[in-house]
Number of protein chains: 2
Amino acid sequence: ASPFLYKMAIPDKLNLDSLSLVERDQQTKRENAITDASPMRLRMEKFVKEKQKEIVQALEAVDGSKFQVDEWQRKEGGGGITCVLQDGNVFEKAGVGISVVYGSLPKAGIMKMRANHKNLVDGEKIPDSLEFFAAGLSLIVHPKNPMAPTVHLNYRYFETAKPDGTSGAWWFGGGSDLTPNYIFGEDAVQFHKSLKDACDRHNKGYYPRFKKWCDEYFYNKHRNESRGIGGIFFDDLDETVQDKENLFAFIKDSLDSFAPTYTAIVNRRKDMPFTEEEKEWQQIRRGRYVEFNLVHDRGTSFGLNTPGARVESILMSLPLTAGWKYMHEPKPDSREAKLVEVLKHPKEWV
Amino acid sequence: ASPFLYKMAIPDKLNLDSLSLVERDQQTKRENAITDASPMRLRMEKFVKEKQKEIVQALEAVDGSKFQVDEWQRKEGGGGITCVLQDGNVFEKAGVGISVVYGSLPKAGIMKMRANHKNLVDGEKIPDSLEFFAAGLSLIVHPKNPMAPTVHLNYRYFETAKPDGTSGAWWFGGGSDLTPNYIFGEDAVQFHKSLKDACDRHNKGYYPRFKKWCDEYFYNKHRNESRGIGGIFFDDLDETVQDKENLFAFIKDSLDSFAPTYTAIVNRRKDMPFTEEEKEWQQIRRGRYVEFNLVHDRGTSFGLNTPGARVESILMSLPLTAGWKYMHEPKPDSREAKLVEVLKHPKEWV
């Protein structure tokens, strides 16, 4: 959002230069509808709110029960909506959350971020703090039936404000990945193909690059195995990759493809018969999921270390039940062993 | 162990200066019985091996079933014995492990450790690596009955070798802490009193200092609550605190007090009736235990980041089952609320 567009959109009632980012945005929202000419902050906020509603409705339709909806505020600026469905008919736990955060990045944080984002600060002098904005949608779904896979998705937009109030650096990040307890080739192919299609519509180079990034990121290195069968993952998508409009269009497309794909997969698996041993295997795999989220995931660790963070919204990703069995090894050639084989050697599914 | 004692104990068959620490110790063990004149490395190794057997037997007597015993080697030097009893009659999971590690500390590790241990390196020049020895006993017991508390204990000895082969810095660390799901004053008092008695026999200042250290260390700061009702915890006990003999005597005394105290507590609780809701509360508390171990515990994080570590021995601490319920809050004035009250405001039990 250039300062020019900004001035066009808001009559000069107040001296905008004296307002913080959150105050400016609140005023814009009071006085104007969000359009394609609005700042990306407000467009992204509007978009993730709409998608959250759509996805919640799609999952409720599969489960037959309702999400609990909690709206919360951050006293430092912004807030979020956390929707959780727990112990449902189909889902053991499903969490769909959005957050919109206005905050201030301390000097140490600026210096860290600057490594990846040269344009974070003009010139050599690093300010003591930098206003930032972050908006995103995160979801995780743990079905009850061990034949139905766990899924995770997160798309986010980050922006800093320069001291003069104009936009500084910005970038998009996100992705989506599938974590089955049992491999169904049909599910893996459908999941990856829908992501590849969304990627290909924007850039043929995205899918191979983001698929590899996903395999590398969602990796339990202390176990020498992937968390699941991957998907796509990316961070720091900024103007060095594509212009903002095209990146936003790509984010929208990727997020749009989620609900139809995942609900199709779950509908195929949710009523399949399973044994007690298969349920136990699911518990062990859930334990590994917890290990990744608490030991390796940067988002979780950032959240847990942020003062004033809403812990229940961060840890809604953890399953309702999980287990750790000492020295558990799947039997050779079993379906469980076939999963582990794929986790140790990620496959190309499409 | 002074170089003088060392030479006394081992006839000069080999030029000791050309041997690594592990080779020296292997030779000593082949040729001599371990006595009070042996190097502390070997005395500590012998001690933790004996205590492991005793504790395993004491827990087997309570449970009525046997531990699985796995001996393992580290290819870099040393190894361990991991004993696990899983899905027993009384214990859901009990792990009692010892490890004896000979390794090499890289320069970055030396510099980090030097902050707390001025005598780690002579002079200003930091060597590229430093041989070290570490021996310890770790245990964790998760009973089935939600009225019986989880317990954790760890005692360890660490020593470095100077480039000329003599002992460099050394220190003891350890402690023990109790994590009940329901508060029984009698258990809390007995547990703390047995630790205080062991401390008081050596130094009246130990218990208050180590009790506070424990409350501060076993703290889930993202939840603003303690992991449990504490016990004692300490690290870096070296010659600035006490001489080596007296510290070893304290470690022995503390470890000796464990089995009689904990088995008495479990025997009082293991057959108490409980409801399904109380079992669910136990699952939620187990989830918090997992959070502490995977997010905050330095030992776990050090272990998981050590190349070649035996992950199953590190993660034997995780419960067989655990759970995460979104926004679970105990009812006001319930027994569950009383536990949380104590976790938020640690008590003086003795």
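In chain A of this predicted model, seven strands line up as an open, antiparallel sheet in the order β1-β2-β3-β4-β5-β6-β9. Going from one strand to the next, the twist comes to 10 degrees on average.

Inside this sheet, β3 (residues 91–106) and β4 (residues 129–143) of chain A run antiparallel and are paired over 15 bridges. To pick out one spot along that pairing, G97(A) has S138(A) in β4(A) as its bridge partner. Helix α4 (residues 107–114) of chain A packs on the sheet, where it touches β3, β4, β5 (150–161) and β6 (167–179) of chain A. The direction of α4(A) makes about 105 degrees with that of β3(A).

Strand β3 of chain A also has a link to a helix by way of side chains. R286(A) and E92(A) meet there in a salt bridge, at 3.5 Å from N to O. R286(A) belongs to helix α9 of chain A and E92(A) to strand β3 of chain A, so this pair ties together parts that lie 194 residues apart in sequence. Over all chains, the structure holds 64 salt bridges.

Now for chain B. Here too there is an open sheet of seven strands with antiparallel pairing, and the order reads β1-β2-β3-β4-β5-β6-β9. Strands β2 (residues 78–86) and β3 (residues 91–106) of chain B pair antiparallel over nine bridges, and G78(B) sits opposite V101(B) in β3(B).

Two helices of chain B lie across its strands. Helix α3 (residues 40–63) of chain B covers β2, β3, β4 (129–143), β5 (150–161) and β6 (167–179) of chain B, and runs at about 170 degrees to β3(B). Helix α4 (residues 107–114) of chain B lies across β3, β4, β5 and β6 of chain B, at about 105 degrees to β3(B).

That leaves the interface. Where the two chains meet, 31 residues of chain A are in contact with 31 residues of chain B. Together the chains bury about 2,700 Å², with 59% of that area on carbon and sulfur atoms. On the chain A side, E312(A), W324(A) and Y326(A) stand out: they supply 31% of the area that chain A buries against chain B, more than any other three residues.

Polar links cross the interface as well. There are 17 residue pairs in polar contact between chain A and chain B, counting pairs with both residues at pLDDT 80 or more. The elements of chain A that give two or more residues to the side touching chain B are β1 (68–73), β2 (78–86), α9 (276–296), α11 (311–314) and β10 (321–323). Helix α9(A) makes the largest contribution to that side, with five residues. Sorted by class, the side of chain A that touches chain B has 15 nonpolar, seven polar and nine charged residues.

Two salt bridges are found across the interface of chain A and chain B. In one between the chains, the side chain of R223(A) meets that of E312(B), at 2.9 Å from N to O.

The chains are joined through strands, too. Strand β10(A) is connected by three bridges to β10 (residues 321–323) of chain B, and the two strands run antiparallel. Within this pairing, T321(A) has G323(B) of β10(B) as its bridge partner. As a reminder, strands of a sheet pair through backbone hydrogen bonds, in either a parallel or an antiparallel sense.

Methods: Residues are numbered from 1 along each chain as its sequence is written. Chains are lettered from A and ligands numbered from 1 in the order in which they are written. This is a predicted model: local features need pLDDT of at least 70, side-chain atom pairs count only at pLDDT 80 or more; totals for chains, interfaces and linings use all residues. Side-chain values use heavy atoms; hydrogens and water are left out. Contact means heavy atoms within 4.5 Å. Buried area is the accessible area (1.4 Å probe) that two parts lose on being put together, summed over both. A salt bridge is a side-chain nitrogen of Lys or Arg within 4 Å of a carboxyl oxygen of Asp or Glu. A polar contact is a pair of N or O atoms within 3.5 Å; within protein, one must be able to donate a hydrogen and the other to accept it, and residues adjacent in sequence count only if both atoms are side-chain atoms. Helices (H or I, at least four residues) and strands (E, at least two) are DSSP runs, numbered from the N terminus. Ala, Val, Leu, Ile, Met, Phe, Trp, Tyr, Cys and Pro count as nonpolar, Asp, Glu, Lys and Arg as charged, and the others, Gly among them, as polar. Two strands pair if DSSP finds at least two bridges between them. Axes are lines fitted to C-alpha atoms, for helices over the stretch in contact, and angles run from 0 to 180 degrees between N-to-C directions.
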